[in-house]
Amino acid sequence: MRLSSYELGPFKKPLSTTGEGTYEATVDFPLDGTWTVTLVVRLSEFESPVVSQKVVIP
């Protein structure tokens, strides 16, 4: 997670397994604004796809 407007982050959160193929993390956003949440999935030693999404916290 990163909040560029305040130059905060990146903050890392570990994921917990909640079922087969399902993971979750609990995140507290300390400030409002548009955060960028990035997920990196380690598939193998050489494969780690990355997905980013903007999240607006009012």
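The model is predicted: local features need pLDDT of at least 70, side-chain atom pairs count only at pLDDT 80 or more, and totals for chains, interfaces and linings use all residues. Residues are numbered from 1 along each chain as its sequence is written, and side-chain values use heavy atoms, with hydrogens and water left out. The largest pocket has a volume of about 480 Å³. L39 is among the residues closest to the centre of that pocket.

**Largest pocket**
- The volume of the largest pocket is about 480 Å³; a volume is the space filled by probe spheres set on grid points, which are joined across faces, edges and corners.
- This pocket is lined by 15 residues, and M1, K13, V37, T38 and L39 are the closest to its centre.
- A pocket is an open set of points on a 1 Å grid over the protein atoms alone, where a 1.4 Å probe fits, with protein on both sides within 12 Å along at least five of seven lines; lining residues have an atom within 4 Å of a point.
- The lining divides into ten nonpolar, two polar and three charged residues.
- Ala, Val, Leu, Ile, Met, Phe, Trp, Tyr, Cys and Pro count as nonpolar, Asp, Glu, Lys and Arg as charged, and the others, Gly among them, as polar.

**Strand β3**
- L39 lies in strand β3, residues 33-40; strands are DSSP runs (E, at least two residues), numbered from the N terminus.
- L39 counts as partly exposed because its relative accessibility is 41%; the partly exposed class lies between buried (under 20%) and exposed (over 50%).
- C-alpha to C-alpha, L39 and D28 are 16 Å apart in space, and they are eleven residues apart in sequence.
- T38 also has its place in strand β3.
- T38 has 40% relative accessibility, so T38 is partly exposed.
- T38 and R2 are 36 residues apart in sequence, yet 8.4 Å apart C-alpha to C-alpha.

**Segment before β1**
- E7 sits in the segment before β1, with a positive phi near 55° in a residue other than glycine.
- E7 is exposed because its relative accessibility is 73%.
- P10 is in the segment before β1 (16-19).
- G9 and P10 are joined by a cis peptide bond, with omega about 10°.

- E45 lies in the loop between β3 and β4 (50-57).
- E45 has a relative accessible area of 60%, so E45 is exposed.
- The C-alpha atoms of E45 and A25 are 23 Å apart, across 20 residues in sequence.
- K54 is in strand β4.
- K54 is exposed because its relative accessible area is 54%.
- K54 and E24 are 30 residues apart in sequence and 18 Å apart, C-alpha to C-alpha.

Technical notes. Helix = DSSP H or I, 4+ residues; strand = E, 2+ residues; numbered from the N terminus. Buried < 20%, exposed > 50% of the residue type's maximum accessible area, 1.4 Å probe, protein only.
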